[in-house]
Amino acid sequence: MGGALGACHGLDVPLVFGNLDRGRPATLIGEAPSLEAEALSTHMRAAWTSFAAHGDPGWPAYDTDQRLVQLFDTRATVTA
């Protein structure tokens with residue numbers, strides 16, 4: 001969709017569950033998922049799995065002084 005919807009609600013669903021080419025939420029990604037979308041999905045699934053299994057998604061716990069968050073993008077980063 002060329003980014004027409006921006007970071008819309010529900011866009012994470014197909015990425016988290018790895019269904020980039022199926023279901024209504026996957027239509028937000030587009031007909032043929034890009035390599036970047038596939039890589040992002042892999043990264044997000046790994047983070048969710050790690051958090052569920054070990055309590056650690058792979059980035060620092062939120063701290064009100066530093067206010068760091070995980071930003072999922074074509075290159076995931078931890079940023080303020």
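Phe17 lies in helix H1, which covers residues 12-17. Helices (H or I, at least four residues) and strands (E, at least two) are DSSP runs, numbered from the N terminus. The model is predicted: local features need pLDDT of at least 70, side-chain atom pairs count only at pLDDT 80 or more, and totals for chains, interfaces and linings use all residues. Residues are numbered from 1 along each chain as its sequence is written, and side-chain values use heavy atoms, with hydrogens and water left out.

Phe17 is exposed, because its relative accessibility is 58%. Buried here means under 20% relative accessible area, exposed over 50%, and partly exposed in between (1.4 Å probe, protein chains only).

Ser41 counts as buried because its relative accessibility is 1%. Leaving aside residues up to four places away in sequence, Ser41 touches Pro14, Leu15, Gly18 and Leu20. A contact means heavy atoms within 4.5 Å.

The chain as a whole contains three helices and two strands. Their order along the sequence is α-α-α-β-β. The C-alpha trace spans about 40 × 25 × 20 Å along its principal axes. Of the 80 residues, 20% are buried. The chain exposes about 5,900 Å², and carbon and sulfur atoms supply 56% of this area. Among contacts between residues at least 6 apart in sequence, 29% join residues at least 24 apart.

Trp59 falls in the loop between helix H3 (35-54) and strand S1 (69-71). Trp59 is partly exposed, because its relative accessible area is 25%. Its contacts, not counting residues up to four places away in sequence, are with Ala47, Gln70, Phe72 and Val78. Trp59 and Gly23 are separated by 36 residues in sequence and by 30 Å in space, C-alpha to C-alpha.

Arg67 also occupies the loop between H3 and S1. Its phi is positive, at about 55 degrees, although Arg67 is not a glycine. Most residues other than glycine have a negative phi. Arg67 is exposed, because its relative accessibility is 51%.

Charged side chains number 5 positive and 9 negative. Lys and Arg count as positive and Asp and Glu as negative, while His and the chain ends are not counted. The centres of the two sets lie 4 Å apart. Each charge is placed at NZ of Lys, CZ of Arg, CG of Asp or CD of Glu. Side chains of opposite charge can pair when their charged atoms come close. One salt bridge is counted (a side-chain nitrogen of Lys or Arg within 4 Å of a carboxyl oxygen of Asp or Glu). Arg22 forms a salt bridge with Asp21, with the closest N and O atoms 2.8 Å apart. Arg22 is partly exposed, because its relative accessible area is 48%. Asp21 counts as exposed because its relative accessibility is 51%.

Note on methods:
Accessible areas come from the Shrake-Rupley method with a 1.4 Å probe; for residues, only the protein chains shown count as cover.
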